[in-house]
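Grab a pencil and have a look at the model below. Then try the exercises before you read the solutions.

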Amino acid sequence: DKVVFLTIDDGAHKDPKLLEMLRELDIPVSAFLSDYVARDDYDYFRAARDDGWGIHNHTVNHRELPALSAAGQKKEICTQQDTLEEEMGERPTLFRPPYGAYDRDTLRAAASCGVEVVPLWAEEAFPDRIEWGREDEKLHPGDIILTHFRGEKEWKGTMPDMIRRVVNTATAQGFAIARLEDYL
Ligand SMILES: [Zn+2]
């Protein structure tokens with residue numbers, strides 16, 4: 001299928017306009033939350049969940065996991081599984097390691113507490129550009145696009161600006177944005 005997936009990481013910048021825009025355009029997204037930045041307003045992510053977003057695991061403290069012991073990795077991943085189940089009413093099935101860094105202990109720990117899939121990404125989206133994963137600078141069927149919960153302090157633009165860039169890029173290349181969970 002000519003579909004790509006949009007995933008949003010961390011959870012620091014909670015822009016109400018992002019919720020509005022995705023609701024209006026009916027664009028599915030999956031969020032990967034780190035507790036240390038998400039915890040001050042899980043209400044925002046409950047509203048997102050009610051809009052149909054997938055809410056998944058991105059650890060408690062966003063550490064580089066392979067630098068931790070197996071027990072330390074398990075704590076980072078599985079404690080966030082418990083927290084998200086408590087806050088969202090459902091245990092996540094997807095986990096994305098911070099910085100895309102993982103080893104065998106990471107995968108073993110994630111599997112032990114209910115994670116089924118560890119999706120990485122192909123492109124990264126910003127308000128002013130796409131960072132391409134391949135030399136052809138094109139989307140490919142099934143690509144996962146990464147972006148972050150950020151605002152104008154960190155970016156040259158807003159989250160709605162970033163969404164516009166992703167939608168325009170996908171449309172120009174003949175792709176629809178689909179729900180990642182439906183294709184796994
Ligand atoms: Zn992250």
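On one side of α3, D43 and D50 are exposed, meaning over 50% relative accessible area, while buried means under 20% and partly exposed lies in between (1.4 Å probe, protein chains only). The model is predicted, so local features need pLDDT of at least 70 and side-chain atom pairs 80 or more, whereas totals for chains, interfaces and linings use all residues. Residues are numbered from 1 along each chain as its sequence is written, and side-chain values use heavy atoms, without hydrogens or water.

**Exercise 1.** Work out which residues of helix α3 are buried, and what covers them.

*Solution.* Start with the list: in α3 (residues 42-50), Y42, Y44, F45 and A48 are buried. Next, check their directions: they sit on the same side of α3 because they cover an arc of only 150° around the axis, taken from the helix axis to the C-beta atoms. Finally, look for the cover, counting contacts as heavy atoms within 4.5 Å: it includes α1 (16-25), β2 (30-33), α2 (35-38), β3 (54-57) and α4 (70-88).

**Exercise 2.** Find the protein donors of the zinc ion and their spacing along the chain.

*Solution.* Search for N, O and S atoms within 2.8 Å of the metal (3.2 Å for Na, K and Ca); water is not among the atoms, so sites may look incomplete. You get D10 (OD), H58 (NE2) and H62 (NE2), 2.0 to 2.2 Å from the zinc ion. Then read off the spacing, D-x47-H-x3-H. Last, check burial: H58 and H62 are both buried.

Notes: Helix = DSSP H or I, 4+ residues; strand = E, 2+ residues; numbered from the N terminus.
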